[in-house]
Amino acid sequence: MATLGHLKALVLCALIGIPVSLAAFWFLVGLHELEHVLWADLPHGLGWDVAPW
């Protein structure tokens with residue numbers, strides 16, 4: 001059976017872990033969007049059919 005100390009530790013971990021995991025998720029979403037802009041939208045906007053390798 002969990003003691004009060006264990007429950008406090010679990011709550012603390014949840015309070016820290018949930019916002020950190022959400023921040024990491026949105027960072028990766030932003031990174032994905034930036035890569036799409038850099039390698040797809042920008043070359044197309046400059047008049048190229050594909051990115052200049």
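Visitor: In which helix is leucine 15 found?

Guide: Leucine 15 is found in helix H1. Helices here are DSSP runs (H or I, at least four residues; strands are E, at least two), numbered from the N terminus. The model is predicted, so local features need pLDDT of at least 70 and side-chain atom pairs count only at pLDDT 80 or more, while totals for chains, interfaces and linings use all residues. Residues are numbered from 1 along each chain as its sequence is written, and side-chain values use heavy atoms, with hydrogens and water left out.

Visitor: Is leucine 15 buried or exposed?

Guide: Buried means under 20% relative accessible area, exposed over 50%, and partly exposed in between (1.4 Å probe, protein chains only). Leucine 15 has a relative accessible area of 60% and is therefore exposed. Alanine 9, also placed in H1, counts as partly exposed because its relative accessibility is 39%.

Visitor: Where is the kink in H1 centred?

Guide: A bend is the angle between axes fitted to the seven residues ending at a residue and the seven starting there. In H1 the kink is about 35° and is centred on valine 37. After H1 comes glycine 47, with a positive phi near 95°.

Visitor: How many aromatic pairs are counted?

Guide: Rings of Phe, Tyr and Trp (its six-membered ring) pair if their centres lie within 6.5 Å; planes under 30 degrees apart are stacked, over 60 edge-to-face, and the rest tilted. The count is 1 aromatic pair. Phenylalanine 25 and tryptophan 26 have ring centres 5.0 Å apart and planes at 75°, so they are edge-to-face. Phenylalanine 25 is partly exposed at 46%, and tryptophan 26 is exposed at 55%.

Visitor: Which residues make the nonpolar surface patch?

Guide: Like charges are joined within 9 Å, and nonpolar side chains (Val, Leu, Ile, Met, Phe, Trp, Tyr) within 5 Å. Accessible areas come from the Shrake-Rupley method. Leu38, Trp39, Leu42, Leu46 and Trp48 make a patch of about 530 Å². Leucine 38 lies in H1, residues 4-45, and is partly exposed at 44% relative accessibility.

Terms used
Patches are made of residues with over 30% relative accessible area and no salt bridge: like charges are joined within 9 Å, nonpolar side chains (Val, Leu, Ile, Met, Phe, Trp, Tyr) within 5 Å. Accessible areas come from the Shrake-Rupley method with a 1.4 Å probe; for residues, only the protein chains shown count as cover. A salt bridge is a side-chain nitrogen of Lys or Arg within 4 Å of a carboxyl oxygen of Asp or Glu.
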